[in-house]
Amino acid sequence: MFPDGICRVREHYYTKTIQFQDINYQLAQQEDKTAIFEEWCGFLNFFDSSIHFELSFMNMAADEDSFEQAVQIPYRKDSFNSIRTEYSNMLKKQLAQGNNGLTKTKYITFGIEADSMKQARPRLEHVQTDLLNNFRRLGVAANVLDGKQRLRVMHDMFHMGEKDKFLFEWDWLVESGLSVKDFIAPTSFSFPGGRTFQMGSLRGAMSFLAITASDLSDQLLKELLDMDSTQIITMHIRSVDQTEAIKTVKRTITELDCSKIEAQKKAVRSGYDMDIIPSDLATYGKDAKALLKELQSQNERMFLVTFLVMNTGKTKQELENNIFQASSIAQKHNCGLKRLDYQQEQGLMSSLPLADNQIDIQRALTTSSTAIFVPFTTQELFQNGEEALYYGINALSNNLIMVDRKRLKNPNGLILGTPGSGKSFSAKREIANAFLVTDDDIIISDPEAEYTALVQRLEGQVIKISPVSNQYINPMDININYSEEDNPIALKADFILSLCELIVGGKDGLQPIEKTVIDRCVHQVYQKYFENPEPENMPLLEDLYYALRNQDEKEAHHVATALEIYVTGSLNLFSHRTNVDIDNRLVCYDIRDLGKQLKKIGMLIVQDQVWGRVTSNRSAGKITRYYMDEMHLLLREEQTASYSVEIWKRFRKWGGIPTGITQNVKDLLSSREVENIFENSDFIYMLNQAAGDRQILARQLNISPHQLSYVTHSGEGEGLLFYGNVILPFIDHFPADSELYKIMTTKLSEVKNAERTPERKEAQDGK
């Protein structure tokens, strides 16, 4: 093995290995499946007869400790470590339910004959480039393994079920006098009886797939790979020279014709009709001619395939059970799994990702027959990293879904679902998870007062905005970083124009002269603050009101009169200095009790407060997460809708991650401008959908009927997750016996039970 990943397997034979990831083949629409299949056929046809290649599918037991470590939330110096412990325990329980104990990896190894390394390297590089381009065309992520990575794969294969770490450095070879084989070899090999083998403490058996079915299914390989046991499936594939393949088939047809003539002669001698010949001869003759036609006129090649299965078990009984399960899958698809008697060692060596086939059992298949073993099933979403958050369990593989939205090109997100499907709960779970594992600031716009319990438990600030509340926020608040340009007042003036437009109302909104005088007054009222930026110099809405009244234009007086009720009248709650902690890490704006007159204005002011927070955090290099519940309310008014679209377009580069939560998809797509929200969201958490919305979403997101079934009459916390290009069905059944669940649930019966906990009951009884 050489450091660059080229391996000299034997004299004049060199190989390289590429690891490739999965794509969603099983969940794709039928036309997408067909397209993937055709691309895969083209991929196989790329190989000529001079290239040997091998597909390796390895299901290996992972280190449980490292998996648990990956989901363990580290403690911090705050008062929330009890919640972190509870959340970590929940993740460990979910981990135990799935098969995250198995890591599933896929490799393609290709090899060529060459006289020397110097001659082999450029040819292997050329093949490698073409393969990576072919994978890219399929939408498959792939990376080339270097020498150390290839050795690690083989070390892990030879030490399955053991906790031996792979320790190796290239400069150790010279000092120790050892070869690379010494660093990957198991403690022992044993091949007793010729039907099984033992490798260290693990038992194993090598079998080959006897492909006897006339029609193969793309489910065969998938079902074998879905087995919940440590195993390795290997396909050695070698292209046959096209001319040689056609000659072979013609030779077979000639032999069949000879047999047919002999059968006819025999029938005539026996006094039978000469057209009566054995049915096998007729069938084989027809199949052979069809095959010849495919090879001559269609994009079909001939391949020789050796399909090997390596089953393992810690005990003899476990091994036999796994072999029986694999045999049952093969029989279900009219194939047979045959043991490699007295060839266990050769079979084991052929399973190494070295493209070196030592088993001389081959089945000739055409391109499309070979391609039916589609190596793509369903993608997993389990990202390592301190800021990966939990989003449920993969409904197809039962594995944990752990992802970090910050790794997306565009982390903007949507949580969609009918009432009762678990929208708000999912948002609260993400908020709690992000609060516990990241340093991000979190802001919530809460029109239904659903988030108060969670925010208070996490010692956040709930700002209750209502006509009877004594908590105030000042819509005129500004910070020096409010705009990415040098003039923050210009952007703030834009917000105040939108606010005045909502207040003044009218079919046509503000007139040009009104906009001019408002802009002039905005610059006047902020002049004092920017000369001396102290909190007491921050202007109020009444400063704008009086500045407008002092103007000569009658239009200024018209706007001032419209503002009067919000400054000196009964709706003056927005004409006070901010008296709450808007700098708390977790802030929730409760706007439930705002009347119809004030709700639109309140939502616009909250959005401006968020903008101010994001801009000030940006200068400090801090991420801000913004959650908008009942987002469809924001989209009904032109001013709040356009502000929302701006947030979706601009927040990413300012370090903001907005998340819209809504039950009404039609409102999201009501205008071309608002449709940008969909197009600029790489994260969509979709729960149960109403019938009308399902069809809209299917068109907008190109969802297949099979995928759509996961959001049709689905239970609470069940649906589809869109993460970049990955679409996964998920299930999130959060444990109901946890403290967090009691805080986050919005079910009335559960909320009442949570309120009357034993501790609280004792206190009430004591009173």
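Where is the place of Ser-56? Ser-56 sits in strand 3, which spans residues 51–61. Please keep in mind that this is a predicted model.

**Ser-56 and its surroundings**
- Ser-56 has a relative accessible area of 0%, so Ser-56 counts as buried.
- The side chain of Ser-56 makes a polar contact of 3.3 Å with the side chain of Glu-54.
- If you set aside neighbours within four places in sequence, the contacts of Ser-56 are Thr-105, Lys-106, Tyr-107, Ile-233 and Pro-353.

**Helix 18**
- Helix 18 runs over residues 541–549, and its residues Leu-541, Leu-544, Tyr-545, Ala-547 and Leu-548 are buried.
- These residues lie on the same side of helix 18, because they cover an arc of only 165° around the axis.
- The cover over the buried residues of helix 18 includes helix 16 (488–504), helix 17 (512–531) and helix 19 (554–567).

**Nonpolar cores**
- In soluble globular proteins, nonpolar side chains tend to be buried together.
- Here, the largest nonpolar core holds 85 residues, and Ile-465, Leu-548 and Phe-678 are those with the most contacts inside it.
- Ile-465, leaving aside neighbours within four places in sequence, is in contact with Ile-473, Leu-573, Phe-574, Tyr-589, Asp-590, Ile-591, Leu-594 and Val-606.
- A second, separate core has 56 residues, among them Phe-53, Ile-112, Met-227 and Phe-303.

Notes
Residues are numbered from 1 along each chain as its sequence is written. This is a predicted model: local features need pLDDT of at least 70, side-chain atom pairs count only at pLDDT 80 or more; totals for chains, interfaces and linings use all residues. Side-chain values use heavy atoms; hydrogens and water are left out. Buried means under 20% relative accessible area, exposed over 50%, partly exposed in between (1.4 Å probe, protein chains only). Helices (H or I, at least four residues) and strands (E, at least two) are DSSP runs, numbered from the N terminus. The arc is that of the directions from the helix axis to the C-beta atoms. Contact means heavy atoms within 4.5 Å. A polar contact is a pair of N or O atoms within 3.5 Å; within protein, one must be able to donate a hydrogen and the other to accept it, and residues adjacent in sequence count only if both atoms are side-chain atoms. A nonpolar core is a set of buried Ala, Val, Leu, Ile, Met, Phe, Trp, Tyr and Cys residues joined through side-chain atoms within 4.5 Å.
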